[in-house]
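Here are my notes on the model, point by point. Have the coordinates open while you read.

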Amino acid sequence: MSQYVLRRLLIAIPSLLGISAVLFFVLALAPGDPFSELATNPNVPPEVQAALRARFGLDDPIYLRYLHWLSAMAHGDWGFSFVSRMDVDRLILQRLPATLYVIGSAQVLALLIAIPVGVYAATKPYSLFDQIANTLAFIGFSLPTFFTGLLFILIFSVTLDWLPFVYTTDIKATGIRWVLEMIRQAIMPVAVLGLFQAASMTRFVRSAMLDVIRLDYVTTARAKGLGQAKVIVKHVMRNAMIPVVTLIALQMPAVFGGAIVTEQIFRIPGIGSLLISSILSNDTPVVMAVTFVFACLVVLFNLIADVLYGWLDPRISLR
Amino acid sequence: MLDKELRSMIGKVKDGRMDRRAFIQRLAAVGLTAPLANQILAIGGVAMAQSPSPYPPTKRGGGGPLKLLWWQGPTLLNPHFATGTKDQDGSRLFYEPLASWDVDGHLNPILAAEIPSIKNGGLTADGKSVTWKIKPGVKWHDGKPLTADDFVFTWAYVSDPATAAVSISTYADMTVEKVDDLTIRILFKNPTPFWANAFVGAYGCVIPKHLFADYKGSKSREAPANLAPVGTGPYKFVEFKPGDLIRGELNPDYHMPNRPHFDTIEMKGGGDAVSAARAVIQTGEFDFAWNMQVEDEVLLRLEKGGKGKTTYAVGGDIEFIAINFTDPNTEVDGERSSMKTKHPILSDLAVRQALALLVDRESVKKAIYGRAGRTTANYLNGPDDFVSKNTKWEFSVDKAIALLEKAGWKAGADGIREKDGKKLKFVYQTSINGPRQKTQAIVKQACQKAGIDVELKSVVASVFFSSDVANPDTYSKFYTDIEEFQIPMTQPDPALHMKRYTSSQIASKDNKWQGQNFPRWVNKDYDAAIEAAETETDPVKRAALYIKCNDMLWQETVFIPVMHRLTVDACATTLQPVVSGWANRTDNIQDWYRGA
């Protein structure tokens, strides 16, 4: 087992190197300049803009810039944002709590809805409950988050005036009021994201359950006289959850990566909004760091999913 | 007769020789009402009367929190590293210059004890030096006193190329010396009629020597104070998260009486302009939102029964269509739009004039800018003294057709005009931005009616405005026939604004397209007028020279001015912001207060 994990980790190194190279070169090829805002400012002659480019090494050949980046990364130096003139790791750490809180809550909400609804719908296929759940799921994942987000804002903020739609990181309250405010401002983004995720996950759980529920061993378990609840939870769910675990594991990096659209709409200062603003301003070091961390997480969680397989289904051996 | 007398009276009010009330009484005597008299004064360039005390709060603090929403959040807090106005706005909450520009484009002393003038000995007749007196008793937020050393240091810090300061050119060609602890003298290499650039406005913020002295030059980015500013401003720094949030609290030792009004200040970043307008005007979650680049129609809809309003400030920002005088389709020595070529079609003045007749500014204003734009035929739209009255724009497809016919451009079989086998076809580029694409469509439509084929092209803003030498789509390479964008005026003086189009500034491969004369227009008279204006110390003659330059740009149709743009912000109904079109939004933040 430990040998397997070690081998997988070693394989990850070349693939991460490959990913970083592709990312870097694609970003370097992308046109644009972090100092484009200076262009029309009559106070700043273009020489200044060009001098800044040269100072930050933007005029060096691409392969040199990549090697610089790689060697710095190996020393634990994540780089330095052109736009904020501060270290990238500080920038990312500042953004992480909001993303973890909002996106994490949304994932939990999605699971809390998807698993019970999916399981129950699968035990009574084509019943009224199943039909309704299916319809709602279809509507749910057909509506993009930028649409539901705006809809929620119009209903709950503008018309009803119940919830704020600008997320603040510094709530001026302490104790229980702080907690309540944190929950209040997260309701809309969490609901928008959570319901969207729940919709597709419900469909997935339901079909995974249906695949297993028809198998002979389930009939055997029923024939033994086990109760419905026990059959479903102990016998069906454990096996049906294997593909679901993969799905969830692969979605975990997204929890760290943030949700670009939702974060933008609700002004959540998360990793997603950092990524998009950095891309728009051509702040390569930040984009590199965020995407690279993202790549690492994908590799890591793939590994975790594989290890979990072995635990859920002992027949799968890891070599 | 009345006209002449009126003018001299307005002049008297302007420089304070006659008071406003006397003026109104005189006019009332000839049967004009007070509001009308006020308007006459406003047209004459005198600001509408400010209420007797323009800043009513009588004590410091007590205004509660001030919540600002910038849809692009500030990403750094060192005013000399600020790449965009967003960063300048954020830094300005904590740092201060010697003076800022007020609503009318006049200097308003902040850290200066008085505005230099010939009378008080601050200015010299030769225009080669300025002496500023610093207000005594000003303290940095950490309690250290502000002295002349801080100003001298700021100049040295910024003008060191290794510091990589964005404001370097503001402090070029001058030396700053200390006269005594509270006096500095700026010595210019050449006579400088516009002396109020260094230490004034956004790039004029002074930084504390005791915190930055160790971080001058190549170590500039390591300064802890880059992220935790210590200034002299009305608010003290509390917290900064780049791109997301700035927080500050009232500075109890602030050097102006009864200011600031607010106990805390926060500037939130992110999102988009429309939802920012919504958060201020509709839900009232925020007090003030910056730069509402939103169609007027949307704002009008939000304002119906809302908790806020939009506010406008007049500066000199001009949205224009520029004409390429070189050929963008022929490559000479590895460069298109080379000075060795001439544009095959646009070098014909009749074609340029016809194009100017085909821009329907009234429709553009109606459909897009609304209250945020003023139609104009001038490239230079302010301050008032510099605005030409000799130009007049017109929209007329018939006249354009007549002009083209006369110049020999006859309609071909496909309806597109041609002459000597050259078809009247243009590529019209601009940056991606809703209002600009709509303007493109309006112009294209009119051109089609006149038999001109226009191909529209839009480029992402970060590419269009980049200095990336390898990219063909930047505005300065100008590899198309005509292009549209906006050039802002960051100070109430036309020198930098007009200097761009001299022949020494031509953008070419040799200067890596860093020259600012992107239309590549060459005119000896223009060069001479600019050169004369740069050292002309008589304000009237100087203004006349710039007006002449503006008129040349119009007669030669180097630019087709589309819209004189106003700055638009959203503001809570109770908030009284002080925003000048000649400065950044937060440049007079110490005077903001909340009314009843």
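**Notes on helix packing, domains and sheets**

1. Let's start with a crossing: helix 4 of chain A passes helix 5 of chain A in a left-handed way (left-handed if the near helix is turned anticlockwise from the far one by less than a right angle, right-handed if clockwise). Helices here are DSSP runs of H or I with at least four residues, and strands are E runs of at least two, numbered from the N terminus. The two helices pack at about 135°, axes 8 Å apart (axes are lines fitted to C-alpha atoms, for helices over the stretch in contact, and angles run from 0 to 180 degrees between N-to-C directions). That makes helix 4 of chain A oblique to helix 5 of chain A (under 35 degrees is roughly parallel, over 145 roughly antiparallel, 65 to 115 roughly perpendicular, and the rest oblique).

2. Who touches whom there? Helix 4 of chain A brings A:Val117, A:Tyr120 and A:Ala121, and helix 5 of chain A brings A:Phe129, A:Asp130 and A:Ala133. Contact means that C-beta atoms, placed from the backbone, lie within 7 Å. By class this contact has 5 nonpolar, no polar and 1 charged residues (Ala, Val, Leu, Ile, Met, Phe, Trp, Tyr, Cys and Pro count as nonpolar, Asp, Glu, Lys and Arg as charged, and the others, Gly among them, as polar).

3. Before going on, a caveat: this is a predicted model, where local features need pLDDT of at least 70 and side-chain atom pairs count only at pLDDT 80 or more, while totals for chains, interfaces and linings use all residues. Residues are numbered from 1 along each chain as its sequence is written, and chains are lettered from A and ligands numbered from 1 in the order in which they are written.

4. Helix 1 (residues 2-29) and helix 3 (residues 62-74) of chain A also pack at about 135°, with axes 10 Å apart, and are therefore oblique to each other. Their crossing is right-handed. Helix 1 of chain A uses A:Ala21, A:Phe24, A:Phe25 and A:Ala28, against A:Ile62, A:Arg65, A:Tyr66 and A:Trp69 of helix 3 of chain A. The tally is 7 nonpolar, no polar and 1 charged.

5. Chain A splits into domain 1 (2-88) and domain 2 (96-312), with bounds from an automatic or database domain assignment. Their C-alpha centres lie 32 Å apart, and 21 residues of domain 1 are in contact with 16 of domain 2. Helix 1 of chain A supplies the largest share of the domain 1 side, 10 residues.

6. Between the chains, 48 residues of chain A are in contact with 50 of chain B. Helix 2 of chain A gives the most to the chain A side, 9 residues. By class, that side has 23 nonpolar, 16 polar and 9 charged residues.

7. In chain B, have a look at the open antiparallel sheet of 3 strands in the order 4-6-5. Strand 4 (129-133) and strand 5 (174-180) of chain B each have a single partner strand, so one side of each is left without a neighbour in the sheet. Strand 4 and strand 6 (residues 183-188) of chain B are joined by 5 bridges (pairing needs at least two DSSP bridges), and B:Thr131 stands opposite B:Arg185. Helix 5 (residues 148-159) of chain B lies across strand 5 and strand 6 of chain B, at about 170° to strand 5.

Notes: Two residues are in contact if their C-beta atoms, placed from the backbone, lie within 7 Å.
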